[in-house]
Amino acid sequence: MRASLVASKTILNGAENLVKRGVWREFLGMVTKACDLLCRKDGISFGHSRALLIALSMFLICHSHVCTNLMGMSDKPLKRYIFASDFDQTLTFNDSGYVLSELLGVSTDEFERKARGMAKLNLVQQGAELAYLLLHDPEFHSQVRKEHLYEVGKRVRLKENIELLSRILDNGIEGYHFDFYVLSAAPVEVIHSALEGVVPPDHIFGTRFSYKNSGEIERIDRATAGYGKVAVLDQLQTTQQVGPDHIVYVGDGSSDIHVMLHVNVRDGFTIAVSEAKHVAQIAKRTILSTNALAVLAPILEDTVGWQRLRIREFFDSYGFLIQEWDRVRTDWLTLRAAESDWQQQAASAD
Ligand SMILES: [Mg+2]
């Protein structure tokens, strides 16, 4: 009987291929051939031998599939990335400075005037204007306490589905894991409060203040604005031990220019979530949506390498239909009237 089983097994070795190809008639033909062998050599009834061989062949096929899958999993280690995102107007709709002004009863026009004035001076890193005002502007400095910053975090309007984005980045994309970090010039208290239960506090890097016993802000300990974001990202890359090409950065404003240039030059991936001229020109992709999940589209397309159909199916599996996906390249042109030769000559003669 043993010799017959060995012979049958040899015949069935070809069965896996037939099953994979879905050629069921040929598969049954092969099993029948093996049954004949068993009947002739060992005197087993045809019915019994056929049932035995179908069971045996199915076991062998399943066993080989499991082994292949296990080997495949071990052959493909998880690819680890850092996903770093700005906060104001990247994960939110409005700037925390405006929400704080409203809370304090300072008009938004007044806040805008002060912030613009600061930006014009180029005294502080781009994006750190609010931090500077909190420390030095009498109107803000005298009023703002830690609890106001926490309250701003509760009032700021977040983009939809940040929590789901965080879960998908963690373990929702097969073969990939993205560590979600927030790098922002906004006060760290605002971000902690806004993203409570969504992003762990040790994954949030915002501007840090020291406070006096009276509750007033005493000094800035660290401003995560402009080049400050580069420093934090480099530190994260070292501690997380990922290559520079395994960094994805998402941002919307001038505070993100330094870090985007830094990520791009080292083969990382940058996504702008606004059409702000300087940022959109630097970022490798620009994506505009009110839903935080939208940033997954360029990541799945460029980093993970999926086709659009698969990306649509992926969003569909989470209950989202990509209604419109328009891709446009924007060129910014400023045209001015060219001066004629005689106008130039007349100007130089004056
Ligand atoms: Mg921003």
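Lys114, Ala115, Met118 and Ala119 of helix H6 make contact with Glu129, Leu130, Tyr132 and Leu133 of helix H7. By class, six of the residues in this contact are nonpolar, two are charged and none is polar. H6 spans residues 108-121 and H7 spans residues 129-136. Their axes lie 9 Å apart and cross at an angle of about 110°. Angles of 65 to 115 degrees count as roughly perpendicular, and H6 and H7 are therefore roughly perpendicular to each other.

The model is predicted. The chain holds 17 helices and seven strands. Of its 350 residues, 33% count as buried. Among contacts with a separation of 6 or more, 56% join residues 24 or more positions apart. Mean pLDDT is 84 for the chain, and 77% of the residues reach 70 or more. Confidence is not even along the sequence: over residues 70-74, pLDDT stays under 50. For residues 70-74 the model has zero contacts beyond four places in sequence.

Strands S3 (residues 204-211) and S4 (residues 217-222) pair in the antiparallel sense. Four bridges make up the pairing. Tyrosine 211 stands opposite isoleucine 217 in S4. The two strands form a hairpin, with five residues between them. Glycine 215 lies in the turn and has a positive phi of about 100°.

Positive phi values also occur in residues other than glycine. Asparagine 161 has a phi near 65°. Asparagine 161 sits in the loop between helix H9 (146-155) and helix H10 (162-171). It has 18 C-beta neighbours inside 10 Å and so counts as partly exposed. For glutamine 241, phi is near 55°. Glutamine 241 belongs to the loop between helix H12 (227-240) and strand S5 (247-251).

Helix H13 itself covers residues 257-265. Its buried residues are Ile257, His258, Val259, Met260, His262 and Val263. These buried residues pack against four elements, listed here by name: H12, S5, strand S6 (269-272) and helix H14 (277-282).

Aspartate 302 lies in helix H15 (residues 296-303). With 14 C-beta neighbours inside 10 Å, aspartate 302 is partly exposed. Leaving aside residues up to four places away in sequence, aspartate 302 touches Phe269 and Arg285. Phe269 falls within the residue range of S6 (269-272), one of the elements against which the buried residues of H13 pack. The C-alpha atoms of aspartate 302 and lysine 284 are 9.9 Å apart. In sequence, aspartate 302 and lysine 284 are 18 residues apart.

Conventions
Residues numbered from 1 in each chain as written. Predicted model: local features only at pLDDT ≥ 70, side-chain atom pairs only at ≥ 80, totals over all residues. Axes fitted to C-alpha atoms, helices over the stretch in contact; angles between N-to-C directions. Parallel < 35°, antiparallel > 145°, perpendicular 65-115°, else oblique. Contact = placed C-beta atoms within 7 Å. Nonpolar A, V, L, I, M, F, W, Y, C, P; charged D, E, K, R; others polar. Pairing = 2+ DSSP bridges. Buried ≥ 20, exposed ≤ 12 C-beta atoms within 10 Å, placed from the backbone. pLDDT = per-residue confidence, 0-100.
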